[in-house]
Amino acid sequence: MSDHAVAERMQGKVIVVTGASSGQGFAEAVALAAEGATVIAADIKAELAPYPPGIIHRQLDIGQPEEWRKLTSWVATEFGQIDGLVNNAGAPVRDRLLDVPLETWDRAIRINLTGAMLGIQNVAPLMTRQGSGSIVNVASLAALSGMFTAAYTAAKWGMRGLSRVASLELGPLGIRVNTIFPGFVSTPMTATYQQDFVDIAVREIPLGRMGLPQDVAPLVVFLLSDASAWISGAEISVDGGQWAHGGTKSVSDLMRQTAL
């Protein structure tokens, strides 16, 4: 495939990306716009970064149904369609199971799960107008394990289930739904972690480094493009190999050191 063809594979597509003012969402928006898409960068925050051409910022609280209705009504008026949705927005909640307050639990579910459900409900009707569409739900490695962050983990497991149901229900409408599981990626969210935690986490990654938002964005572009036209219901880890070893890397490293 020529560079010119790759550069235009998103040409004419209108894509909504939530949580797009920074981190992974921002990188995804930039990558999509660079390949020809018109990107609606939706975020609860006011515009924080200068967006390149092709990206339009819209303020959105993903947990509020009325705000979703306003956003999709505006997109329908301005563009007449939505071709893709990236449910990227999320919020960390680190409380352990016996300590998490109910209000914190409810907020974690609303932001990390309910917001994605509302996005699908409101965006899918605009996708059916052209008989096709693609949704990418951004979960986390927490959705593949029993990570100690109880509310966040439960919400991300919920997003995994939501994605599977959506791929079944929306497939006959021509809408594909896939889920990605980013690992330890350098974002404003992970920048708040203590260095000891970062060091331990990186030791569990076979490729030996934290990910970057730019490591995740190309997969999102691919899943939204026509190049993935027969991929739906897929679950893909983007984690430097961390999930593949199932938590055995520390043991493997220790055994190697002992053998030496």
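Predicted model: local features only at pLDDT ≥ 70, side-chain atom pairs only at ≥ 80, totals over all residues.

Reader: Which residue stands opposite Val-86 of β4?

Author: Opposite Val-86 in β4 stands Val-17. On another side of the account, β4 (residues 84–87) also pairs with β5 (residues 133–138), again in the parallel sense, over 4 bridges. There, Leu-85 has Ile-135 of β5 as its bridge partner, and Asn-87 stands opposite Asn-137 of β5.

Reader: Which way do the residues of β4 point, and are they buried or exposed?

Author: The general idea comes first. In a regular strand, side chains alternate between the two faces of the sheet. In this structure, Gly-84 and Val-86 point one way from β4, while Leu-85 and Asn-87 point the other way. All four of these residues are buried.

Reader: In what order do the strands lie in the sheet?

Author: The order is β3-β2-β1-β4-β5-β6-β7, an open sheet of 7 strands with parallel pairing. Its edge strands are β3 (55–59) and β7 (235–238), each of which pairs on one side only. Neighbouring strands are turned against each other by 20° on average, direction ignored.

Reader: Which strands does helix α5 touch where it packs on the sheet?

Author: Helix α5 (residues 150–170) touches β4, β5, β6 (175–182) and β7. The direction of α5 makes about 160° with that of β6.

Reader: At what angle do α3 and α4 cross?

Author: The axes of α3 and α4 cross at roughly 30° and come within 10 Å. The same cut-off of 35 degrees applies, and α3 is therefore roughly parallel to α4. This crossing, of α3 past α4, is right-handed. Among the residues that meet are Trp-68 and Arg-69 in α3, and Leu-118 and Asn-122 in α4. The residues of this contact divide into 6 nonpolar, 4 polar and 1 charged.

Reader: What is the angle between α2 and α7?

Author: Helix α2 (residues 23–34) and helix α7 (residues 213–224) pack at about 50°, with their axes 8 Å apart. That angle makes α2 oblique to α7. The crossing of α2 past α7 is right-handed. The contact includes Gln-24, Ala-27 and Ala-31 of α2, together with Val-216, Ala-217 and Val-220 of α7. Its residues comprise 9 nonpolar, 3 polar and 1 charged.

Reader: May we turn to single residues? Why does Asp-61 count as buried?

Author: A residue under 20% relative accessible area is called buried. Asp-61 counts as buried because its relative accessibility is 17%. Its place is in the loop between β3 and α3 (65–78). Not counting residues up to four places away in sequence, Asp-61 touches Ile-44, Glu-67 and Arg-110.

Reader: Where does Ser-228 lie, and what does Ser-228 touch?

Author: Ser-228 lies in the loop between α7 and β7 and, at 1% relative accessibility, counts as buried. Leaving out residues up to four places away in sequence, Ser-228 touches Arg-176, Phe-222 and Leu-223. Ser-228 and Arg-176 are 52 residues apart in sequence and 9.2 Å apart in space, C-alpha to C-alpha.

Reader: How far apart in space are Gly-241 and Val-86?

Author: They are 23 Å apart, C-alpha to C-alpha, and 155 residues apart in sequence. Gly-241 lies in the loop between β7 and α8 (249–259). With a relative accessible area of 29%, Gly-241 is partly exposed.

Note on methods: Residues numbered from 1 in each chain as written. Heavy atoms only, no water. Pairing = 2+ DSSP bridges. Helix = DSSP H or I, 4+ residues; strand = E, 2+ residues; numbered from the N terminus. Axes fitted to C-alpha atoms, helices over the stretch in contact; angles between N-to-C directions. Contact = heavy atoms within 4.5 Å. Buried < 20%, exposed > 50% of the residue type's maximum accessible area, 1.4 Å probe, protein only. Parallel < 35°, antiparallel > 145°, perpendicular 65-115°, else oblique. Left-handed = near helix turned anticlockwise from the far one by under 90°. Nonpolar A, V, L, I, M, F, W, Y, C, P; charged D, E, K, R; others polar.
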